Amino acid sequence: MHIYWTKINKIIEETPEVKTYMLECPEDFTWEEGSHTHLALEGFNAGDKPNRSLIRHMSISTLPQENSIGITTRIKEQCSEFKTILRNLEIGNEVALFKTHSNVPLKREDKNVYLLSSGVGLATFRPLVLDYFERADNVKQIHSLNIDSSRDFLFTTIFETASDKKFTSQFVDNRKDYYEEVKKLAADKDGIFYIVGSDEFLVQNIEVLREQGIKFEQLMLDKHEKFKTDFLASI
Ligand SMILES: Cc1cc2nc3c(=O)[nH]c(=O)nc-3n(C[C@H](O)[C@H](O)[C@H](O)COP(=O)(O)OP(=O)(O)OC[C@H]3O[C@@H](n4cnc5c(N)ncnc54)[C@H](O)[C@@H]3O)c2cc1C
């Protein structure tokens, strides 16, 4: 396993609670849209075993063409040790990245794609949408639905409905509206449904989609295939 140590080049305040850390791109570091990585803080590998409290899974919210590795995360006032340290990092400080992989690349199967997310889950979808805007081949259209009770919606200049691009974006701030909308989207019995959020959020979405006749094969989750199979079987 290769550990990439890299510098923070820029910190973007997306909303009062959400920041994007723009990291320098090491020369041989590559990724595709929908990737997640392990973000680790100084000292994580100082002992015999890696210190898990200094490591978190994070999606990469940028595309390689942007020449920067974007990590978007919510840091609330009450937060973990990891986020407390992250919040105090500055431009020029180093973080580590390793085990980068995409479970949710953009499927180009001549179907409609639905991106269902909660809060900063939208960060996972940002590169998928940018990839689609660059090249729409074999994707009929994309519809994004994001729920964020803070109402400080993210990436609103990208996630903006554009009928010429066959792209629709919806933001809602409550569960009732969210699941009513999911039911409507599930009228498309041939669509591909990506879901990103907490496990509880995944379970609720899958239940609603299944009730509407959407099959497991139509679901894209940011989980390894084995985990996905076990996870889906447990519902
Ligand atoms: C494949 C994958 C991709 C992911 N991508 C992302 C991503 O792109 N961005 C992202 O942000 N996360 C992502 N996650 C989730 C991420 O790994 C973390 O689990 C998540 O950000 C929570 O971080 P945390 O454990 O440091 O807790 P925090 O975010 O600090 O806290 C979680 C909750 O607990 C509360 N809390 C924490 N500590 C205290 C305390 N001491 N007292 C009271 N309340 C407290 C917080 O207010 C918050 O509501 C991803 C996970 C996976 C599996």
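Modeller: Let's begin with exposure: buried means under 20% relative accessible area, exposed over 50%, and partly exposed in between, with a 1.4 Å probe and protein chains only. D110 is partly exposed, at a relative accessible area of 46%. This is a predicted model, so local features need pLDDT of at least 70 and side-chain atom pairs count only at pLDDT 80 or more, while totals for chains, interfaces and linings use all residues. Residues are numbered from 1 along each chain as its sequence is written, and side-chain values use heavy atoms, leaving out hydrogens and water.

Colleague: Where is D110, and what is its phi near?

Modeller: D110 sits in the loop between β6 (94–102) and β7; helices (H or I, at least four residues) and strands (E, at least two) are DSSP runs, numbered from the N terminus. Its phi is near 55°, a positive value in a residue other than glycine. F155, in the loop between β8 and β9, also isn't a glycine and has a positive phi of about 50°. F155 is buried, though, with a relative accessible area of 10%.

Colleague: How many aromatic pairs does the structure hold?

Modeller: A pair of aromatic rings is described by the distance of the centres and the angle of the planes. Rings of Phe, Tyr and Trp (its six-membered ring) pair if their centres lie within 6.5 Å; planes under 30 degrees apart are stacked, over 60 edge-to-face, the rest tilted. The structure holds twelve such pairs. Take F125 and Y194: their centres are 6.2 Å apart and their planes at 90°, so that's edge-to-face. F125 is in helix α2 (residues 122–134) and Y194 in strand β10 (residues 192–196), so the pair ties together parts 69 residues apart in sequence. F125 has a relative accessible area of 0%, and Y194 is at 0% as well. F159 and F167 are also edge-to-face, because their centres are 6.0 Å apart and their planes at 65°.

Colleague: Which charged end sits over the ring of F133?

Modeller: The criterion is NZ of Lys or CZ of Arg within 6 Å of the ring centre and within 35 degrees of the ring normal. K165 does this over F133, 4.2 Å from the ring centre. R210 does it over F216, at 4.1 Å.

Colleague: Which residues of helix α3 are buried?

Modeller: An α-helix has 3.6 residues a turn, so residues three or four places apart point the same way. In α3 (residues 175–185), Y178, Y179, E181, V182 and L185 are buried. They cover an arc of only 155° (from the directions from the helix axis to the C-beta atoms), which puts them on the same side of α3. On the other side, K176 and K184 are exposed.

Colleague: And which residues come nearest the ligand?

Modeller: A residue is near a molecule if one of its heavy atoms lies within 4 Å of it. Of the 15 residues around the ligand, H57, T73, Q78, S80 and K83 come nearest. A polar side-chain atom of S80 lies 2.4 Å from a ligand oxygen, and an N or O atom in the T73 side chain is 2.6 Å from an oxygen atom of the ligand.

Methods:
Polar contact = N/O pair within 3.5 Å; in protein donor to acceptor, adjacent residues only side chain to side chain.
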